[in-house]
Amino acid sequence: MSKADILMNLLPPLYENVLEMQLLTQTEGTELDQLAAGVEDVLQQFYPESATWALDRYEQDLQIPTNRAKPDDQRRSVIISKMRGSGKVSGSMLKNVAQAYESGSIDVSVDSSEYRILIRFIDTLGLPPNLDDLKAAIEDVKPAHMTVEYRLRYLTIAEVESMTLTEIEQTRQDKLAGGGA
């Protein structure tokens, strides 16, 4: 229901057939619809998960170089990761940072005796789309003396053998181990 209809319903019934009141409520209703849409758009900017035109501001505030050539979802990942990556470094904090870049499952383990962090992609096949951003974010928050190892996931022979011919034809080669990623 548009705001014009709501306004008209708020008036006494005798105004329903008055042309001036119909025009007035339609004009005011249009303005109120635009105002409501503007308010909703501004509210979306308060959260990096839904921000669009405010991404530049988040990047500026977090001292992230702005790259408008990147898709918005990748820019959001960098922003969210930077926001999550403050405080004492722990395995769960590293996982939280890494998860900002990936919609699938990620396993993060820290081997303190070997000074190593292992990040394993569980659901994503092949190279994640913004792996370089993830690497930069992890490098930014990890202790300097620790190394990071990334384990990517590819389709195994057993998984390929259980696929139909159509599924195999629709699978990109970079999803297969040794597939020329």
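Is Gln63 buried or exposed? I looked this up before anything else. Gln63 counts as exposed, because its relative accessibility is 71%. My cut-offs: buried is under 20% relative accessible area, exposed is over 50%, and partly exposed is in between, with a 1.4 Å probe and protein chains only.

**Ground rules**

I am working on a predicted model, where local features need pLDDT of at least 70, side-chain atom pairs count only at pLDDT 80 or more, and totals for chains, interfaces and linings use all residues. I number residues from 1 along each chain as its sequence is written, and I take side-chain values from heavy atoms, with hydrogens and water left out.

**Entry: positive phi**

I stayed with Gln63. I place it in the loop between α3 and α4 (72–84). Helices (H or I, at least four residues) and strands (E, at least two) are DSSP runs, numbered from the N terminus. Phi of Gln63 is near 55°, a positive value, and the residue is not a glycine.

I then checked Tyr115. Its phi is also positive, about 55°, and Tyr115 is not a glycine either. Tyr115 sits in the loop between β1 and β2. I note it as partly exposed, because its relative accessible area is 47%.

**Entry: strands**

How many bridges join β1 to β2? I find six, between β1 (residues 106–111) and β2 (residues 116–125), and the two strands run antiparallel. Two strands pair if DSSP finds at least two bridges between them. Within this pair, Val110 stands opposite Ile117 of β2. The two strands make a hairpin with four residues between them, and Tyr115 belongs to the turn.

Next I followed β2 to its other partner. β2 pairs with β3 (residues 147–153) in the parallel sense, over six bridges. Arg116 has Thr147 in β3 as its bridge partner. From β2 the chain crosses through helix α6 (residues 131–141) to β3, and this β-α-β crossover is right-handed. The test for that hand: with the strands pointing away from the viewer, the path from the first strand over the helix to the second runs clockwise.

**Entry: Lys142**

Lys142 is in the loop between α6 and β3. I count Lys142 as buried, because its relative accessibility is 10%. What does its side chain reach at 2.6 Å? I find the backbone oxygen of Met146 there.

A salt bridge here is a side-chain nitrogen of Lys or Arg within 4 Å of a carboxyl oxygen of Asp or Glu. Glu139 is partly exposed, because its relative accessible area is 49%.

**Entry: salt bridges**

I searched the whole structure and found twelve salt bridges. One of them joins Asp133 and Lys70, with the closest N and O atoms 2.5 Å apart. Why does this pair tie together parts that are 63 residues apart in sequence? Because Asp133 lies in helix α6 and Lys70 in the loop between α3 and α4. Asp133 is buried at 16% relative accessibility. Lys70 is partly exposed at 23%.

I also noted Asp72 with Arg75, whose closest N and O atoms are 3.7 Å apart. Both lie in helix α4, three residues apart, about one turn of the helix. Asp72 is partly exposed at 33% relative accessibility, whereas Arg75 is buried at 6% relative accessible area. These two belong to a network of salt bridges that also links Asp56, Glu59 and Arg68.

**Entry: nonpolar patch**

Which residues make the nonpolar surface patch of about 820 Å²? I list Leu32, Leu35, Val39, Val42, Leu43, Phe46, Tyr47 and Trp53. Patch residues have over 30% relative accessible area and no salt bridge; like charges are joined within 9 Å, nonpolar side chains (Val, Leu, Ile, Met, Phe, Trp, Tyr) within 5 Å. Accessible areas come from the Shrake-Rupley method with a 1.4 Å probe, and for residues only the protein chains shown count as cover.

I picked out Phe46. It lies in the loop between α2 (19–45) and α3 (55–61). Phe46 counts as exposed, because its relative accessibility is 54%.

Technical notes. A polar contact is a pair of N or O atoms within 3.5 Å; within protein, one must be able to donate a hydrogen and the other to accept it, and residues adjacent in sequence count only if both atoms are side-chain atoms.
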